[in-house]
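Please look through the notes that follow with the structure open beside them.

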Amino acid sequence: MTIVVPATAQQPPNSVDRFPSISTTNLIEKGRIFYEAGKFSEAVKLWQNAAQDYAAKSDLLNQSLSLSYISLAYQELGLLPEAETAIVSSLNLINNSSLNTSAAALVMAHTLNIQGRLQLVKGQTESALDTWKKAEITYTKAGSETGILTTQINQAQALQTLGLYRRAKSTLEQANQKLQSQPNSLLKATGLRSLGVALQAIGELRESQKILEQSLTVTQQLQTQNSGTVTIEKQELSATLLSLGNTARALQDLKTALAYYQKVTQVSTCSNNQNNCNTNYTQIQALLNQLSLSIESQELANISTLLPEIETQISQLQPSRNTIYALVNYAQSLTKIEAKKDKYTTKNSAAEILATAIQQAKELQDLKAESYSLGELGKLYEKSAQWEEAQKLTRQALMLAQGINADNIAARWQWQLGRIYKQQGDMPRAIIAYSESVKTLQSLRSDLVTINPDVQFSYRQSVEPVYRELVELLLDSNPSQANLKEARRLIEALQLAELDNFFREACLDVKPQQIDEIDPQAAVVYPIILAERLAVILSLPKQPLSYYETKLPQSNLETKLDEMLQSLNPAFSNQKRLRISQEVYNWLIKPAEKELARNQIKTLVFVLDGTLRNLPMAALYDGKQYLVEKYSIAITPGLQLLETRSLSRRKIKALTAGLTDSRQGFSALPGVKSEIDKIGLEIPSQVLLNQDFSEVNLQNQINKTSFPVIHLATHGQFSSNPEETFILTWNEKINVRDFEKLLRGSKGKDDVNKVDLLVLSACQTAAGDSRAALGLAGVAVRSGASSTLATLWSVRDESTAKLMAEFYRELAQPNVSKAEALRLSQLALLKQPRYEHPFYWAPFILVGNWL
């Protein structure tokens, strides 16, 4: 369900349920061998013959089984109508039979499991979930622990696709509990590995690593008991080591990943005449992953050693989809080596290897693999500026992908075609191709964040550039109103895609909003970081969109933005800080000064891009004043994610919670007591302090009473990694993914009394993480609160207490918006000599609804 050939090779997923209790013919067994070797068309032919033989013998059970296998192979080939016909026929046969045996129950469960897979591929996620629930019940009746585990993992995938992350995780935890209670066995080891891969897919990398390590331990103990001679245990060992390497790589622990990949290659289980056994595939995948890691880290000695070994092993593989993927993966690595002009001797070039992959795919009648291979060869020609051949190959790859409804592959080739047209100077056709790619990506929104362990997906490499390059094309060709509106829509869509990727689920509801309908005195500023310029789109109420830009390479821009962030430390000179802040102001605001004044704008709403999110817009300087001295300021990931309710001042009351003591390795916050006391003087408050501030107590208070404002004065961290985005309670860390359930309480997300304002007064962005503010946006949208007031860095708690007291004092006044209340509280600090430096007042930012 993703759009690239494996960047990180994985254990081959192709396996077919076996039923020792059911007598089958050699045709079914031979079909299994072909299927597991990735020869799907040949498997279909054998199973069709088997189905005909069983029909002639009136053996309904095996006929149904054969048809279910045929559906599975057709799914792999992308022939979904044929797959649907086969699975419906299989179900009709088993339903119409009067068989009431455990064997019949197994076949029924197996067939339902395959039907659920087909429904998920077709986008019928809820139907797939229901089907897998039925399959689990049927497997339970049949007493198949393996089947139960498989359907639970499948259900978790469907739940995540539906945006139900917590239920997905809960389903996997239930599967884990059942496995933990079992004695050591090969079933337990395999189950734990499957669970670990599933956890990796939903972004639970640490938990994935833990479960995979357990699987490894079980397998090693079994090997010891059996004197290490059982081939299937060695196959499981190889597969688990590979999965551990992939999880370590996802965690950016490249040294550990490399060590695991090297261990895989030390495990040998295949005899000389078993060229297509799974362990050989696992070993070649481990070698390919070592190679790509070595290229990334420029380990030249490793590359020299790996190339001849890979060439030897890959040449011994028989044609199959797994072999084709291995060939494409190898060609991708060779292309990177050739691009760096490193001198290594190989028997075949990347182009020759891809030509072999294409030929194998044609022989196997595997249109999906053929599309991958053709597209990659087209990319190779694109890189060598052979435009006509690149266009021809890419169009062929696109037609194949569209012919089998593989939109996930088609999106990539549409993007590639757009790049080729752009290089040829054909901008209209380039825009069409890019637009089609974006449209396809948006139609696959749920799929793109459910990482398929078979084909690894990279948001930053495969989605973000498509949006940005299309925006650049639109602005280059003609910054007309139509193009500006489309560019604005794309930037908002990109923000949504980035948050989807952050959470690993499409969990956010979108509803387009017009700024005029929200606030007639607010302007929305869209800065867009492009390769060679900083573009800005300005949206004013009841006015055409405005556009201006600054020619500046992205690297230079990001260096300057980082300098501004560093200059906000009081240790830097004021002169340097003001100079840099004014330079950034000149890029973002100065060209719009007259328009803002003419339209009597009072609030600036920023939809910030990239590293701009790490900067407080309040600290921009025009040479005389800070931006906050002229405007109220708010941040939003996009108007389409905006809650338009405003806070009712008549009902304002707060649940305040905080820590003053040092906890879990975090420093004490002695000023928090003063902060909470001062808030209590301004508005009615319920307080949870220190030991009373637990996740359970917080949940109970929210469930019991409606609080429009929740104020948490505690340590917290925002990171581009959701696992490292949290707030601290007395004994726990509340992860960003748990915010929705916690803050919306038992009333549900549609309750009129849900939280209007969430305040996080002692949090900070993760050090060294250029995209850390993404975590802040994630907290803001995941909490369900209309607005979130948070800090980009941790500030002295005495000044925070003063600012917060002033904020609530202003907020309680009639006709004072949240953004204006924040502005006035920041100005109150700015006017005090002790706190006039932006370090004290600038990091407080309002995300979401500013009214």
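**Notes on side-chain contacts**

1. Start with tryptophan 841, which counts as buried at 0% relative accessibility. Bear in mind throughout that the model is a predicted one. The ring partner of tryptophan 841 is tyrosine 626: the two centres are 5.1 Å apart and the planes stand at 75°, so the pair is edge-to-face. Tyrosine 626 is buried too, because its relative accessibility is 9% and the cut-off for buried is under 20%.

2. Where do tyrosine 626 and tryptophan 841 lie in the chain? Tyrosine 626 belongs to the loop between strand E4 (603-606) and strand E5 (632-635), while tryptophan 841 belongs to helix H35 (residues 838-841). The pair therefore ties together parts that are 215 residues apart in sequence.

3. The structure holds 11 aromatic pairs, and phenylalanine 807 with tyrosine 808 is an aromatic pair as well. Their rings are 5.3 Å apart, centre to centre, with 70° between the planes, an edge-to-face arrangement. Phenylalanine 807 has a relative accessible area of 0% and is buried. Tyrosine 808 is likewise buried, with a relative accessible area of 0%.

4. Aromatic residues also gather in a group: Tyr35, Phe40, Trp47 and Tyr69 make up one aromatic cluster.

5. The charged end of lysine 653 sits over the ring of phenylalanine 707, at 5.8 Å from the ring centre. For lysine 733, the charged end sits over the ring of phenylalanine 726, and the distance to the centre is 4.7 Å.

6. Turning to charged pairs, there are 25 salt bridges in the structure. One of them joins glutamate 76 to arginine 321, with 2.7 Å between the closest N and O atoms. Glutamate 76 is in helix H3 (residues 60-77) and arginine 321 is in helix H15 (residues 321-339), so this pair ties together parts that are 245 residues apart in sequence. Are the two residues buried or exposed? Glutamate 76 counts as buried at 11% relative accessibility, and arginine 321 counts as buried at 4%.

7. Another salt bridge is formed by the side chains of glutamate 376 and arginine 412, at 2.5 Å from N to O. Here glutamate 376 comes from helix H17 (residues 367-383) and arginine 412 from helix H19 (residues 407-423), so the pair ties together parts that are 36 residues apart in sequence. Both glutamate 376 and arginine 412 are buried.

8. Glutamate 806, in contrast, is buried, with a relative accessible area of 17%.

9. Finally, some salt bridges share partners. Which residues do they join into one network? The members are Glu472, Asp476, Arg533, Glu549 and Lys551.

Notes:
Residues numbered from 1 in each chain as written. Predicted model: local features only at pLDDT ≥ 70, side-chain atom pairs only at ≥ 80, totals over all residues. Heavy atoms only, no water. Phe/Tyr/Trp six-rings, centres within 6.5 Å; stacked < 30°, edge-to-face > 60°. Helix = DSSP H or I, 4+ residues; strand = E, 2+ residues; numbered from the N terminus. Buried < 20%, exposed > 50% of the residue type's maximum accessible area, 1.4 Å probe, protein only. Lys NZ or Arg CZ within 6 Å of the ring centre and 35° of its normal. Salt bridge = Lys/Arg side-chain N within 4 Å of Asp/Glu carboxyl O.
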